[in-house]
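Student: Please take a close look at the aromatic rings in this model. I would like to know how they are paired and where they sit.

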Amino acid sequence: MRIVVCRVEDIAVLERFMPSHSVDGSHGARFARQEAGDSSYLIPWLDGLPVGHAEVRWTGCEAPEVRAVQPGCPELNGLFVWPASLRSRGIGTALVRAAEEQALARGTGLMGLGVGDDNPTAARLYARLGYRPTVSYVDRWAYLDVDGVRQECADPCVFLVKDLSSGPLDVKPA
């Protein structure tokens, strides 16, 4: 597997293998933020196919609760592994590590990410990788449903932060 920063020619491939219907989270929107310098859109490739994505938002989390407690902390957003049969095989961990390496290369000593209260599997992964809870917040997002109607969502989450300057990025044993 290799993880690379998204290129313009990757967008069509991503849409074919991992179609996105989210208003705020489409591949094109993530790529546009990357092109504007606001993020890095990371794509893992396995056997020539994209098998997930993650976006490092250098501008940080948009939730005011998080900005008040963690101003300037970049956010790892939209971590996704697809198909589901590839989950729990190290791809998510590799994406987190790649994001952390990018942050360190930029001179950033912190990385943050949100995890939904209803996602204990991801919470365990992030805890194992050294992320610690800092603040609860409501993640607000939207998507277009199959009829093209914008659906507003609000998910209770916890924002987790890792101090990257405290040592190597090795994963702790499970």
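Tutor: What follows goes through the aromatic rings and then turns to a pair of helices and a proline.

The model is predicted. A pair of aromatic rings is described by two quantities, the distance of the centres and the angle of the planes. Searching the whole structure gives three aromatic pairs. Among them is the pair of Phe-80 and Trp-82, whose ring centres are 6.0 Å apart and whose planes meet at 10°, so this pair is stacked. Planes count as stacked when they are under 30 degrees apart. Both partners have some accessible area: Phe-80 is partly exposed at a relative accessible area of 29%, and Trp-82 is partly exposed at 37%.

Another of the pairs is formed by Tyr-137 and Phe-159. Here the ring centres lie 6.2 Å apart and the planes are at 70°, so the pair is edge-to-face. The cut-off for that label is an angle over 60 degrees. Tyr-137 counts as buried, with a relative accessibility of 5%. Phe-159 also counts as buried, at 0%. The limit for buried is under 20% relative accessible area.

Arg-106 lies over the face of Trp-58, and the distance to the ring centre is 4.0 Å.

Next come the helices. Two packed helices are described by the angle between their axes and the distance between the axes. Helix α1 (residues 10-17) packs with helix α2 (residues 27-35) at an angle of about 150°, and the axes are 10 Å apart. That angle makes α1 roughly antiparallel to α2, because an angle over 145 degrees counts as roughly antiparallel. The crossing of α1 and α2 is right-handed. The residues that meet are Ile-11, Leu-14 and Glu-15 from α1 and His-27, Gly-28 and Phe-31 from α2.

Pro-120 lies in helix α5 (residues 120-128). Pro-120 is partly exposed, with a relative accessible area of 45%. The C-alpha atom of Pro-120 is separated by 21 Å from that of Ala-99, and the two residues are 21 residues apart along the chain.

Methods: Residues numbered from 1 in each chain as written. Predicted model: local features only at pLDDT ≥ 70, side-chain atom pairs only at ≥ 80, totals over all residues. Heavy atoms only, no water. Phe/Tyr/Trp six-rings, centres within 6.5 Å; stacked < 30°, edge-to-face > 60°. Buried < 20%, exposed > 50% of the residue type's maximum accessible area, 1.4 Å probe, protein only. Lys NZ or Arg CZ within 6 Å of the ring centre and 35° of its normal. Axes fitted to C-alpha atoms, helices over the stretch in contact; angles between N-to-C directions. Helix = DSSP H or I, 4+ residues; strand = E, 2+ residues; numbered from the N terminus. Parallel < 35°, antiparallel > 145°, perpendicular 65-115°, else oblique. Left-handed = near helix turned anticlockwise from the far one by under 90°. Contact = heavy atoms within 4.5 Å.
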